[in-house]
Amino acid sequence: MKHQDIWLVASGDLRLEANRRCWQAQETMEKQLVAAIGRQGKTVKRAHAYDPEKQHGFIDSQRMGMEVFKTIPADAPLIVAESVWQYTHHVLAGLLTHRGPILTVANWSGQWPGLVGMLNLNGSLTKAGVFYSTLWSVDFNDDFFNNGLKEWMEEGRIKHDTSHVTPFDLVKIPVAEHQTGRSFARRMREAKAIMGVFDEGCMGMYNAIVPDDLLHATGIFKERLSQSALYARMGSVDDGEAEAVLTWLLERGMTFKWGHDEQTELTRRQTLEQCKMYIAAVRIAAEFGCDTIGIQYQQGLKDLTGASDLVEGLLNNTERPPVYSETGAELFAGKAIPHFNEVDECAGIDALVTYHLWGELGMGGENTLHDIRWGEHYIGEGIDDFVWVFLISGAVPAAHFDGVYASASSWRQSPMYFRLGGGTLRGVSKPGPIVWSRIYVKGGRLHADLGVGRAVRLPEAETQRRWRSTSPEWPIMHAVLDGVGRDQLMARHQANHIHVVYTDSESKAHQACRIKAAALDELGITVHFCGNVNTFGG
């Protein structure tokens, strides 16, 4: 690199309280990062200063990001450093036109979380066609990070190990499985489906928006709905209807961590408000003929009512409180209404395909996305593997828990992010084989990465430690991904979200993964297997 200075930016949240509370972690991370860069003979120039009035040093709006990038030499080496959740659109405009080498960096921590923010940024840059490199570290002293940093400084790029990835076309799968997957996909595409989108672009997630022409090729079409309509419809739900939903949950053993302080605790009133949102969402989905829906919540709706997460978890479960139309007809009886959290339309495609394909394969199709939050190697209880912490804010279906609703609880969402409260659908995902996946946009096409793995049971003390290190109010999955190492997943994955669904056995996980790959290929999605290729060859 001809430049002595490496420029640095930090994209943050849009919410002032979150930026303030998370700033200390960002400051600590940047000091470690700057020291690591200094050890390799370079200096760092921060492109934007700490704001004493705001009490943080993040880029906190798209406009601010545009102005900051005007001060950065277009050919300078640039690092986007993340220890927090960030809104990608704050920096996307500047990164689109930056000509110098770009490196995204996150601290290996589940606290706020930088890993999730960086993965969202990476997926968005991939969709936008921006070339970048990426790195991560616990303390920025390890060989993996320092060697990667040296490579980036010398070459302007980092080549990670992605030997775990095999294109679908290079894997020979049984003819019967090919036919099963392709037949399902053809029928789905011919029948067509509607994806109900309650406002696009949640939290700046550019990678979560699927262009209409790519979606149409799969046979799925968007119904653009408004969160204001959802809120208005909540007003037409009777108190008695909301009470009936809550009673149904209580009778099945679900617990609610209720208190009395609306500012800091979950209250019964907030839960009943969420029950009204659940009923309103089902009614709107029925009226528009939606096969899957996604509620953004974060922008706009968060200023009006409680969180949507409990609602999302209920929708994703086949067994759920019944909802009736105003004329008394039960809506979607005996069916889940697959919901894609944070309006991640890539996950919406996956949720719809998976739920119905698994049903045809004779298995429960309840599925969900999770954040790839963090993870550590764990030894004990028959486990000697890297165990990921997968978390999402509440959209996990109760079928993913051993005791279904009886082992589910609802805790208040963090006041930092959710001022008006509302609860989650919280629990520990049961042990068992899983198929994981991610659909994403690259090079103007839809792609999908698929693999197999398992959810494992960790000791209670370890589960609590991991929850305390992340978000204890959220549902958690302890996941092991077969044939995919920590750094391989991070180098390859094109989103903050990963999709998971259970299977009845390990052999069925392999079979179902192959069938799903054939189905997605038939839908025109470029498929890649991730893991040991011998596993996928039948």
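Angles here go from 0 to 180 degrees between N-to-C directions, with axes being lines fitted to C-alpha atoms, for helices over the stretch in contact; contact means heavy atoms within 4.5 Å. Helices (H or I, at least four residues) and strands (E, at least two) are DSSP runs, numbered from the N terminus.

A quick word on what you're looking at: this is a predicted model, where local features need pLDDT of at least 70 and side-chain atom pairs count only at pLDDT 80 or more, while totals for chains, interfaces and linings use all residues. Residues are numbered from 1 along each chain as its sequence is written, and side-chain values use heavy atoms, with hydrogens and water left out.

Two strands count as paired if DSSP finds at least two bridges between them.

Zoom in on β3 (residues 78–82) and β4 (residues 102–107): these parallel strands are joined by 5 bridges. Pick Val-80 and you'll find Thr-104 of β4 opposite.

Next, select α2, residues 62–69. Which residues are buried here? Gly-65, Val-68 and Phe-69 are, where buried means under 20% relative accessible area, exposed over 50% and partly exposed in between (1.4 Å probe, protein chains only). Looking down the axis of α2, you'll see its buried residues within an arc of 95°, so they line one face of the helix; the arc is that of the directions from the helix axis to the C-beta atoms. They pack against β1, β3 and α3 (89–97).

Most residues other than glycine have a negative phi, and most peptide bonds are trans.

- Trp-112 and Pro-113 are joined by a cis peptide bond, with omega about 20°. Look for Pro-113 in the loop between β4 and α4 (114–128).
- Phe-332, not a glycine, has a positive phi of about 55°. Find it between α11 (309–315) and α12 (345–360), in the loop; at 24% relative accessibility, Phe-332 is partly exposed.
- Glu-381 also has a positive phi of about 55° without being a glycine. Its loop runs between β11 (367–380) and β12 (383–391), and Glu-381 is exposed, at 62% relative accessible area.
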